[in-house]
Every structure is written in structure tokens, then in C-alpha cells.
Amino acid sequence: MTKRKVLPIEQLSNESQKLYDILNNEKDFTVVLVATSFLDACLGSILNNKLIDSCVSKELLGTRGILGNFSSRTDLCYALGLIHKLLYKDLRKIAEIRNEFAHYHLELTFESEEIEKKCNELLYVASYKLDSTKESAFAHILHDSRSKFILTTVMITQRLLMKGLSFNRVHKST
């Protein structure tokens, strides 16, 4: 297995257009796996910048480290106050959706009943309201499960990239 390295947040930011191209043009399975992997890379990059620059940090964030997976990275980012609760809950829901796709014996789509149900539980994007009304600012484009998943992924990605770009790597302590 190739050792996965943590990508710099600047590289992820520069590659975001490639992500959007995939989200808009590929099959559902590819969309879910690539979107979740990109979010995972963003979380890893943020944590990499928060941890001291050391071989211990690299081990923790590595493939076999305790912070080497999407779930533990999501949990730690929330526990450190780097992401708020609604974003955290949607990241956990995205992980569930990814697992449904990855472990189904045939090809799933966003129209599958269980996937639709989980996509309807994504609330981060819906929390953005028009002025002081109760209507979601994005209600007009959240018409199906694929749209909900993609817009949620895009908005969370942008939030994570902005967070990651807002601070620099902590240098090794003496």
C-alpha cells in the first residue's frame, strides 16, 4: 500500500476546480467517493497545520495512524473547535453515505431510498437562510439527493479550505 501523505491546504485549494468537475460530470459512485476523499484530505491538512511539525504528527495522520481516517479526523476537528456542530454532523452523515455506496454489493445511486433518506438529513446548507426568513437560501437548487449532496460537499469544502488557509503550521517545539 502506498503511504498516503497529507496534502498542503494550498494544493487542495488549487485543485478544487478538478473536484467540481468530477462532482458535476461523473457517476454517483465516483461523486461520493471522490467528494469524501477530498473532504478527508482537507481535514487531514487542517490537523496537520494544528499539530506540531514532527514525525509523531506524521504517524498520527498517516494511513495506519489514529488520525488516518475520515471519522477520527472529523471527530478531532470538532473536539478542537475547528468546525461547528452542524458541519460536524453533516460530515458524519457524508461518511455514512460513502459507506453505503462502498459496501453495497451492486451499484447504488442517489435515487436509492436509503441514500435519499440520508441526503435529506444533510442540514448544513439548509441552515443558510434568506434574510430573516425561514426559507433556505438554496431551496431553489436543493431539488434532489444528488444536488443536496454536491452542494453540501462544495460548501463544506470551501469552509474547510478557508479554515485551513487561515493559520500556518505549528513548528516543532523544543
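Predicted model: local features only at pLDDT ≥ 70, side-chain atom pairs only at ≥ 80, totals over all residues.

Modeller: Residues are numbered from 1 along each chain as its sequence is written, and side-chain values use heavy atoms, with hydrogens and water left out.

Biologist: Why is Phe70 called buried?

Modeller: Buried means under 20% relative accessible area, exposed means over 50%, and partly exposed lies in between (1.4 Å probe, protein chains only). Phe70 has 3% relative accessibility and therefore counts as buried. Phe70 belongs to helix H5, residues 70–79; helices (H or I, at least four residues) and strands (E, at least two) are DSSP runs, numbered from the N terminus.

Biologist: Which residues are in contact with Phe70, leaving aside its neighbours within four places in sequence?

Modeller: Contact means heavy atoms within 4.5 Å. With those neighbours left aside, Phe70 is in contact with Thr36, Leu39, Asp40, Leu43, Leu91, Ala95 and Arg98.

Biologist: What makes the pair Arg73 and Asp40 a salt bridge?

Modeller: A salt bridge is a side-chain nitrogen of Lys or Arg within 4 Å of a carboxyl oxygen of Asp or Glu. For Arg73 and Asp40 the N to O value is 3.3 Å, and their side chains meet in a salt bridge. Arg73 lies in helix H5 and Asp40 in helix H3, so the pair ties together parts that are 33 residues apart in sequence. Arg73 counts as buried at 3% relative accessibility, and Asp40 counts as buried at 7%.

Biologist: How many salt bridges does this rule give?

Modeller: The count comes to nine. A network of salt bridges links Lys93, Glu96, Glu114, Lys117, Lys118 and Glu121.

Biologist: What makes Arg92 and Asp75 a salt bridge?

Modeller: Their closest N and O atoms are 2.7 Å apart, and Arg92 forms a salt bridge with Asp75. Because Arg92 lies in helix H6 (residues 85–102) and Asp75 in helix H5, the pair ties together parts that are 17 residues apart in sequence. Arg92 is partly exposed at 30% relative accessible area, and Asp75 is partly exposed at 29%.

Biologist: Why is Lys58 called exposed, and why does Asp53 count as partly exposed?

Modeller: Lys58 has a relative accessible area of 54% and is therefore exposed. Asp53, at 29% relative accessibility, counts as partly exposed. The side chains of Lys58 and Asp53 meet in a salt bridge at 3.9 Å, N to O.

Biologist: How do you know that the buried residues of H2 lie on the same side?

Modeller: The buried residues of helix H2 (residues 16–25) are Ser16, Leu19, Tyr20 and Leu23. They cover an arc of only 100 degrees around the axis, which puts them on the same side of H2; the arc is that of the directions from the helix axis to the C-beta atoms. On the other side of H2, Lys18 and Asn25 are exposed. The buried residues of H2 pack against helix H1 (9–14), helix H3 (28–50) and helix H8 (145–165).

Biologist: Why is Ser54 called buried?

Modeller: Ser54 has a relative accessible area of 10% and is therefore buried. Ser54 is found in the loop between H3 and helix H4 (55–61). A polar atom of the Ser54 side chain lies 3.3 Å from the backbone nitrogen of Val56.

Note on methods
Polar contact = N/O pair within 3.5 Å; in protein donor to acceptor, adjacent residues only side chain to side chain.
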